[in-house]
Amino acid sequence: MANVVEIRWHARGGQGAKTASELLADAVFETGKFVQGFPEYGPERMGAPIAAYNRISDTKIRVHSNIYEPDFAVVLDESLLECVDCTAGLKETGAIVVNTSKTPDEVRAELGGYKGKVCTLDAREISESCIGRYFPNTPMLAAIVKVSGVMPDDVFIKDMESSLKRKFESKPQVIEGNMNAFKRAISEVKGL
Amino acid sequence: MGIRTKLSGNEAVSVAFKQINPDVVAAYPITPSTEVPQFFSTYAANGEVETEFVPVESEHSAMSACIGAQAAGGRSMTATSAQGLALMWEMLYIASAYRLPINMAVINRALSGPINIHCDHSDSMGARDSGWLQIYSEDCQEAYDNFIQAVRISEHPDVMLPAMTCFDGFITSHKVENLELMEDAEVQKFVGKYKPPYHLMDKEKPMSMGPLSLPFHYFESKRQQAEAMRGSIKAILEVAAEFEKVTGRKYGLFEEYQMADAEVAIVILNSTAGTAKDVVDELRAKGVKAGLLKIRVFRPFPVEQIVAALAKCKAVAVLDRADSVNAAGGPVFTDVTSAMFGRVDGVKVINYIYGLGGRDVKTDDIKVVYNELLEVVKTGKVKEVYNYLGVREV
Amino acid sequence: MNAGKGVKLVSWKEITHGSHVFEAGNAKNFKTGDWRSNKPVFIKENCKQCLLCFPVCPDSAIMLDENTQVTGFDYDFCKGCMCCQEACNFKAIEREDV
């Protein structure tokens, strides 16, 4: 289990954490690593707290349990900090990345003594101004790439561009907004 | 040349369906297997396969349609989970008794109730004596590889029995991970064209299936079916050897992980085997002679081979992700112990029921089992044979 | 249970897969005549060759010659249901105990 990076996503049903964990797995796969991307299924509906996970490694990953001691936690909805223990088991050598307009220090005060790195990104503002709608998973995906360093930023950007071009062949107008959201997220994430 | 990619278990198996390009796929959606026919119906709609896709109104009809198609000389396939498999029940026995090599992906999910959609093995374990071959898979790669091999095994002239390729619901079915696919042409060449020795549409050799088989014939038919199941071990190994030549990936009746000098070992199947392998490595690093036997082929049950693999251990724990609720032990445990009885003495064997209804299994849970085995070796005593792992006792 | 006289019972090694049947028209190999407890007897001198008996026989056991004239019964298959006697208006078929 050495050299395995483990990431836990916290979100509400409908905010795209499952998709984000799969996109992260896809992107990191392209760098030649071994990946897992999987959601924790439950009877969740729109708005219910959910979790999704990533494991990233240089060697084949055999563990198939959920993740209890992640290196990184990503919180797509800051209201979850009140009802879910988002830092449970989170390694202090790692970081938590929260979607909020608050500063890292303001968020740290709400985390009940977590000693690791606290990072923030106003994903709502970025998503609404770049994409025109609220998709918190898009900027937060870029933020976790930046914070975790699981792959170089520029490789991630290139990879996302080519995958969006494939996916939205018939709707090229959506590509630019998404790419801007990724780029802004990488440069605006605070607390690094 | 293999294709390196990343897919979920359901995606990988639906790609196998596409590459095999069967004559008929008849299926009814049920979580967590739904995506397999869902992806496949897209391939069918896009003209990527020549398959007749039959969206039926129930799993009973799905299996019935597969039986009809296979009896008519076609290659048919389906996928299901839990209650869906249960609804197929009576038709499972018809398929195997008629010697129709239908292939089915079983995405393991707990049988309700209480109502539950998550992983355990109560669905396929309940069908273990229905005359179908059962092949279990640790991850997406194995699910894909096993499904392709199962087509060849089931259609082997000495076998002619239907086969279930089983893998864990959600854990494997919905997890995106690395795997290597075969090229379409490679799969086509490997599975070949289905050439049934007889079928209902053959006007040169007319026949009828499904006669009333009275007491002076039925028993002989069942005895012959049992022999085909027993003989399928040879075909399974032949197909595995050929598969290894094409892909480089090696398969046997089971996988032995650090078993050569193991004193304590776990017998397990499907995804938790992977989690347990990491625990074996951890224990080995501390000098503990721990091993693991991962059953791939559960039907037929490789009695002699499993006994030989476990004979040198001091204590063995068999882990069952299904409870037989029989006051005796889980299905894998009762098969392993009855195989060992009279063939090998002195190995202490205990049973753990684990992970029912999707209860997550962590490396720490597996450590509990190895610690108990080490305690059994130390004291020479088994406290309790039939145990539960990861359930709240208080 | 009786498999019937002359029926060869094969071993599990020889039986067809799933008891499948590969021979067309093999009902003729299964002699049902020994199920009979009534026996129809043909009285040739009373028969007008009206052929009303022929279509009612469920076992195709009424034998005809090349000129489609009734010649009697095929006792290998006649189960003795006596439908033929019901159909006959000329007392050309009588019942006997077996």
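User: Hi! Which chains share the most contacts?
Analyst: Chains A and B do, out of two pairs of chains in contact; a contact means C-beta atoms, placed from the backbone, within 7 Å. This is a predicted model, where local features need pLDDT of at least 70 and side-chain atom pairs count only at pLDDT 80 or more, while totals for chains, interfaces and linings use all residues. Residues are numbered from 1 along each chain as its sequence is written, and chains are lettered from A and ligands numbered from 1 in the order in which they are written.

User: How many residues of chain B are in contact with chain A?
Analyst: 18 residues of chain B meet 19 residues of chain A.

User: And which element of chain B gives the most there?
Analyst: α10(B), with five residues. Helices (H or I, at least four residues) and strands (E, at least two) are DSSP runs, numbered from the N terminus.

User: New topic: where are the domains of chain B?
Analyst: Domain 1 covers 3–247 and domain 2 covers 254–389, with bounds from an automatic or database domain assignment. Their contact takes 28 residues from domain 1 of chain B and 20 residues from domain 2 of chain B.

User: How far apart do the C-alpha centres of those two domains lie?
Analyst: The C-alpha centres of domain 1 and domain 2 of chain B lie 28 Å apart.
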